[in-house]
Amino acid sequence: MNNCIFCKISTGEISAEKVYEDDQVVAFRDLNPQAPVHVLVIPRRHIATLNDLTTVDEALVGHMSHVAARIAGDEGLAERGYRTVMNCNAEGGQTVFHIHLHLLGGRQMGWSPG
Ligand code: 5GP
Ligand code: ZN
């Protein structure tokens, strides 16, 4: 989609520190990390929010979670633990309207989230 920052990262038009990519998803380090490891996993296809998912996207979202878990393993977080989060719309704290799975780790997480 035009003017979507994450679509531009997916195509390489905007640079990012990519840690993984395949035909369906791209994973890159967050510009403003909230933990020692903070990676975003995005689909290459533009989907604005979780509300816009359809049944055909179910495998894609499953793949995003699987990729996040594999990256967590690569980053040495599998046994220590980590958190994955997807924010939706204003009260969920979503600021970029191209869905993304946050992978956060490397420190003790608190609960409940702010
Ligand atoms: P949200 O608040 O929508 O759940 O998360 C958006 C995330 O994208 C934020 O953590 C923010 O730091 C990150 N972000 C926004 N713009 C960029 C960018 O241009 N590059 C990278 N690597 N991360 C970005
Ligand atoms: Zn997009």
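A residue counts as buried when its relative accessible area is under 20%, as exposed when that area is over 50%, and as partly exposed in between. Glu21 has 42% relative accessibility, so Glu21 counts as partly exposed. Keep those cut-offs in mind while you look around, and keep in mind too that this is a predicted model.

## The ligand and its surroundings

Where do they come from?

Now for the polar contacts with ligand 1. At Asp30, a polar side-chain atom lies 2.5 Å from an oxygen atom of ligand 1. At Arg29, the backbone takes part instead: one of its N or O atoms is 2.9 Å from a nitrogen atom of ligand 1. Gly93 also uses its backbone, with a polar atom 2.9 Å from an oxygen atom of ligand 1. As for cover, ligand 1 taken alone exposes 530 Å², and the protein buries 84% of that.

## Along helix 1

Ile9 is found in helix 1. Is Ile9 buried or exposed? Its relative accessible area is 6%, so Ile9 is buried. From Ile9 to Arg29 it is 20 residues along the sequence, and their C-alpha atoms are 11 Å apart in space.

A polar atom of the Thr11 side chain lies 3.4 Å from the backbone nitrogen of Glu13. Thr11 and Val26 sit 15 residues apart in sequence, with 9.5 Å between their C-alpha atoms.

## Loops and strands

With a relative accessible area of 22%, Asn87 is partly exposed.

A further loop, between strand 3 (37-43) and helix 2 (58-74), holds Thr49. Thr49 has a relative accessible area of 7%, which means it is buried. The Thr49 side chain has a polar atom 3.0 Å from the backbone nitrogen of Asn51.

Glu21, the residue from the opening paragraph, is found in strand 1, residues 18-21.

| Pair | Apart along the chain | C-alpha distance |
|---|---|---|
| Glu21 and Val67 | 46 residues | 9.3 Å |
| Asn87 and Leu50 | 37 residues | 8.2 Å |

Asn3 is not a glycine, yet it has a positive phi of about 65°. Where does Asn3 sit? Asn3 is in the segment before helix 1. With a relative accessible area of 71%, Asn3 is exposed.

Asn89 also has a positive phi without being a glycine, and the value is near 60°. Asn89 belongs to helix 3, which covers residues 89-92. At 31% relative accessibility, Asn89 counts as partly exposed.

The last stop is a peptide bond. Which two residues does a cis peptide bond join? They are Trp111 and Ser112, and omega there is about 10°. Ser112 has its place in the segment after strand 5, residues 101-105.

Terms used. Residues are numbered from 1 along each chain as its sequence is written. Chains are lettered from A and ligands numbered from 1 in the order in which they are written. This is a predicted model: local features need pLDDT of at least 70, side-chain atom pairs count only at pLDDT 80 or more; totals for chains, interfaces and linings use all residues. Side-chain values use heavy atoms; hydrogens and water are left out. A polar contact is a pair of N or O atoms within 3.5 Å; within protein, one must be able to donate a hydrogen and the other to accept it, and residues adjacent in sequence count only if both atoms are side-chain atoms. Accessible areas come from the Shrake-Rupley method with a 1.4 Å probe; for residues, only the protein chains shown count as cover. Helices (H or I, at least four residues) and strands (E, at least two) are DSSP runs, numbered from the N terminus. Buried means under 20% relative accessible area, exposed over 50%, partly exposed in between (1.4 Å probe, protein chains only).
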